[in-house]
Amino acid sequence: MNLDQDSAAQIGTLDEEVSWQAVLGKDSRFDGFLLYGVHSTGIYCKPSCPSRKPGREQVVFFSSRQAAEERGFRACRRCRPDEPIDRNPHVETVLRACRVIEANTEGPVSLAALGEKLNISPHHLHRTFKSITGITPRQYGEAYRLKLFKLQIQKGKDVTTALYEAGYGSSSRLYEKASKQMGMTPATYRRGGKGMTISFTIVACRLGRLLMAATDRGVCAVSFGDNDRKLESLLTAEYPAATIRRD
């Protein structure tokens, strides 16, 4: 059956980069969970659609056909995304795992606890999660908490408030991985990277254009797009007080 609005709200949506990889790979495992609309044509499709690959900046993702049609997109006549389709149970398991990880504000969820919550063996869950997303549940949790922390900082929150609201049980949990995950201390990030020198490069990859930026302490940004200028402007906006240079 199709992923309707109620089930979409319950299961949630995949990360945009995972979604884009599914579209590039015409991955039928994501049919029924994910739809994408193309601004230039006004059409929405299933990930497995045989149509020509659109540019990344033209694409917007949806979790239901209702959401796509409310935005003014019409169904593709080739892949017929508005017709019923069976959902891949492995993708559904991964989506539910993501929602459990995101909902746990007390800190990391152990693989055993996650498996018990979803009624699946930890080993099978770990293997399934990584085969679908390319990362482990633990890595997903770490990336999600860091994303929340950055969003809180960007809203003007102080470091202490931001780290607790992002699910870090203590400041040490964030600071011990800050250099590896942020390339700077949380306090420096809050100051827009003041005093840091950030080097970046932009190269071609399977997802389009890839920007990677780093300080002398570690990687501080990885982003994808189709436009080099836009990628660079996003980096500058995130670190307005840093010295940024292309290397």
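This is a predicted model: local features need pLDDT of at least 70, side-chain atom pairs count only at pLDDT 80 or more; totals for chains, interfaces and linings use all residues.
Contact here means that heavy atoms lie within 4.5 Å of each other. By that criterion, and leaving aside its neighbours within four places in sequence, Thr 215 is in contact with Gly 183, Met 184, Met 196, Thr 197, Ile 198 and Cys 220.

Thr 215 is placed in strand β6, which covers residues 208-215. Because buried means under 20% relative accessible area, Thr 215, at 9% relative accessibility, counts as buried. A polar atom of the Thr 215 side chain lies 2.4 Å from the backbone oxygen of Gly 183, and the side chain of Thr 215 also reaches the backbone nitrogen of Arg 217, at 3.0 Å.

Ser 199 lies in strand β5 and is likewise buried, since its relative accessible area is 18%. The side chain of Ser 199 makes a polar contact with the side chain of Arg 245 at 3.3 Å. Leaving aside neighbours within four places in sequence, the residues in contact with Ser 199 are Met 212, Ala 213, Ala 214, Arg 245 and Asp 247.

**The open sheet**

Four strands form an open sheet in the order β7-β6-β5-β8, and the pairing within this sheet is mixed. The edges are taken by β7 (218-225) and β8 (243-246), each of which has a single partner strand, so one side of each is left without a neighbour in the sheet. On average, and with direction ignored, neighbouring strands of this sheet are turned by 25° against each other. Strand β5, residues 197-205, pairs with β8 in the parallel sense over four bridges, and Ile 198 has Ile 244 of β8 as its bridge partner.

**Strand β1 and its partners**

Strand β1 (residues 35-38) is covered on both faces, with Leu 35 and Gly 37 on one side and Tyr 36 and Val 38 on the other, all of them buried. β1 pairs with strand β3 (residues 59-62) in the antiparallel sense, and β1 also runs antiparallel to strand β2 (residues 43-45). The hairpin of β1 and β2 has four residues between the strands, and in this hairpin Gly 42 takes a positive phi near 75°. In general, the strands of a sheet pair through backbone hydrogen bonds, either parallel or antiparallel.

| Strand pair | Sense | Bridges | A bridge pair |
|---|---|---|---|
| β5 and β8 | parallel | four bridges | Ile 198 and Ile 244 |
| β1 and β3 | antiparallel | four bridges | Gly 37 and Val 60 |
| β1 and β2 | antiparallel | three bridges | Val 38 and Ile 43 |

**Packing of α7 and α9**

Helix α7 (residues 137-154) and helix α9 (residues 171-182) pack at an angle of about 90°, with their axes 12 Å apart. Angles of 65 to 115 degrees count as roughly perpendicular, and α7 and α9 are therefore roughly perpendicular to each other. On the side of α7 the contact is made by Arg 138, Glu 142, Leu 146 and Phe 149, while α9 contributes Leu 174, Lys 177, Gln 181 and Met 182. Sorted by class, the contact of α7 with α9 consists of four nonpolar, one polar and three charged residues.

Methods: Residues are numbered from 1 along each chain as its sequence is written. Side-chain values use heavy atoms; hydrogens and water are left out. Two strands pair if DSSP finds at least two bridges between them. Helices (H or I, at least four residues) and strands (E, at least two) are DSSP runs, numbered from the N terminus. Axes are lines fitted to C-alpha atoms, for helices over the stretch in contact, and angles run from 0 to 180 degrees between N-to-C directions. Buried means under 20% relative accessible area, exposed over 50%, partly exposed in between (1.4 Å probe, protein chains only). A polar contact is a pair of N or O atoms within 3.5 Å; within protein, one must be able to donate a hydrogen and the other to accept it, and residues adjacent in sequence count only if both atoms are side-chain atoms. Angles under 35 degrees count as roughly parallel, over 145 as roughly antiparallel, 65 to 115 as roughly perpendicular and the rest as oblique. Ala, Val, Leu, Ile, Met, Phe, Trp, Tyr, Cys and Pro count as nonpolar, Asp, Glu, Lys and Arg as charged, and the others, Gly among them, as polar.
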